[in-house]
Amino acid sequence: TGSMTVKTLTPSAFITAGNTIYTPFAQFAELHANVGIIAMNLLLHCKISSMDWVKLGGDKPGKSKLMGGEVRAVNLIKADTLGDPGEIKTAVHLLGDFAEYQAAHKPLVQRIAEYEHQIADVETARDRLKLKNLANQSVDDMLQRVEATLARTLDQLEVTRRELAALESAHQESCHRVRLVITRKAYPGVEITIGDRHVVLREEWGPGTIQYGTEGLLFNRGEI
């Protein structure tokens with residue numbers, strides 16, 4: 001599924017699938033799938049991207065290897081062995097919902113800050129009006145309009161806060177779902193990126209899982 005001499009790492013095969021790609025092995029190939037990619041034995045110096053998952057090997061720990069190249073997936077990357085003792089550059093990138101989360105999170109936080117600022121201004125205006133003679137009809141009418149504006153803005157603030165809470169909750173669920181699974185070992189030199197967290201392994205690691213954490217990537221050792 002693509003082959004060439006080692007003089008160049010330019011892919012010689014390009015495959016795109018609307019669903020899932022299955023292959024015993026691939027080398028010097030570029031593969032893209034809208035659902036998943038399964039390679040039973042080897043991915044060597046490939047450029048891989050999947051809108052959900054990439055899996056090497058079967059359900060139980062085996063001899064599959066991901067060596068060299070770059071692999072990008074949204075939710076899951078699984079391999080028995082990742083990288084090479086010679087520290088061939090191997091990069092894996094899990095996207096999760098991080099880009100979408102950042103794009104949606106910032107405007108909501110800004111909108112909340114704007115509503116809070118507006119509420120403070122309206123409350124100040126309301127308090128000043130209350131100090132005036134309420135027997136004055138024009139002042140009374142103005143106070144009613146201010147109170148209505150305050151009520152609307154408070155409602156808008158509450159709705160936006162609920163939107164933010166729902167977004168953050170969904171993002172937390174995504175963080176738990178997104179993971180790199182190594183069933184045997186990962187070698188030094190492997191580059192791992194999950195969302196905006198990045199690490200280059202300095203020692204042999206595994207088996208275990210690697211996931212996103214607020215303070216950095218979380219390494220969970222243990223048989224898979």
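**Entry 1. Starting point and conventions**

I began with Phe219, which counts as partly exposed because its relative accessibility is 33%. I take buried as under 20% relative accessible area, exposed as over 50% and partly exposed as in between, with a 1.4 Å probe and protein chains only. The model is predicted, so I note that local features need pLDDT of at least 70 and side-chain atom pairs count only at pLDDT 80 or more, while totals for chains, interfaces and linings use all residues. Residues are numbered from 1 along each chain as its sequence is written, and side-chain values use heavy atoms, with hydrogens and water left out. Helices (H or I, at least four residues) and strands (E, at least two) are DSSP runs numbered from the N terminus.

**Entry 2. Aromatic pairs**

I searched the whole structure for aromatic pairs and found two. The rings considered are those of Phe, Tyr and Trp (its six-membered ring), with centres within 6.5 Å; planes under 30 degrees apart are stacked, over 60 edge-to-face and the rest tilted. Phe98 and Tyr212 form a tilted pair, at 4.6 Å centre to centre and 45 degrees between the planes. This pair links distant parts of the chain, since Phe98 lies in helix α1 (residues 98-130) and Tyr212 in strand β12 (residues 208-213), 114 residues apart. I recorded both Phe98 and Tyr212 as buried.

The other pair is Trp205 with Phe219, which is edge-to-face because the ring centres are 5.4 Å apart and the planes stand at 80 degrees. Here too distant parts of the chain are linked: Trp205 is in the loop between β11 (197-200) and β12, Phe219 is in strand β13 (residues 216-221), and 14 residues separate them. Trp205 counts as buried, at 4% relative accessibility.

I then looked at Leu218, also found in strand β13. Leu218 is partly exposed, at 43% relative accessibility. Leaving aside neighbours within four places in sequence, Leu218 is in contact (heavy atoms within 4.5 Å) with Thr209, Ile210, Gln211, Tyr212 and Gly213. From C-alpha to C-alpha, Leu218 and Trp205 are 13 Å apart in space, and they are 13 residues apart in sequence.

**Entry 3. A charge over a ring**

I noted that the charged end of Lys55 sits over the ring of Trp53, 4.6 Å from the ring centre. The criterion is NZ of Lys or CZ of Arg within 6 Å of the ring centre and within 35 degrees of the ring normal.

**Entry 4. Nonpolar cores**

Which residues touch the most other members of the largest nonpolar core? They are Leu43, Leu180, Ile192 and Ile194, in a core of 36 residues. Such a core is a set of buried Ala, Val, Leu, Ile, Met, Phe, Trp, Tyr and Cys residues joined through side-chain atoms within 4.5 Å. Strand β4 (residues 36-50) gives the most to this core, namely five residues. Not counting residues up to four places away in sequence, Leu43 touches Ala26, Ile48, Val54, Leu56, Lys65, Leu66 and Met67. Another core lies apart from the largest one; it holds 12 residues, including Ile112, Val122, Val146 and Leu150.

**Entry 5. Strand pairing**

I followed the strand pairs, each requiring at least two DSSP bridges. Four bridges pair β4 with strand β5 (residues 53-56) in the parallel sense, and Gly36 stands opposite Trp53 in β5. Strand β5 also pairs in the parallel sense with strand β7 (residues 76-82), over three bridges; Val54 has Ile77 in β7 as its bridge partner. The pairing of β7 with strand β9 (residues 179-186) is parallel over six bridges, with Lys78 opposite Val181 in β9. By contrast, β9 and β12 run antiparallel and are joined by three bridges, where Val181 stands opposite Thr209 in β12.

**Entry 6. Cysteines**

How many disulfides does a search of the whole structure find? The search finds zero, with a disulfide taken as a pair of cysteine sulfur atoms within 2.5 Å. Cys46 is buried, at a relative accessible area of 4%, and Cys175 is buried at 8%.

**Entry 7. Backbone exceptions**

Most residues other than glycine have a negative phi, and most peptide bonds are trans. I listed the cis peptide bond joining Gly206 and Pro207, with omega about -5 degrees; Pro207 is in the loop between β11 and β12. Phe28, not a glycine, has a positive phi of about 50 degrees. Phe28 lies in the loop between β2 (20-27) and β3 (29-33) and is buried, at 3% relative accessibility. Glu87 has a positive phi near 60 degrees. Glu87 is found in the loop between β7 and β8 (90-94) and is partly exposed, at 48% relative accessibility.
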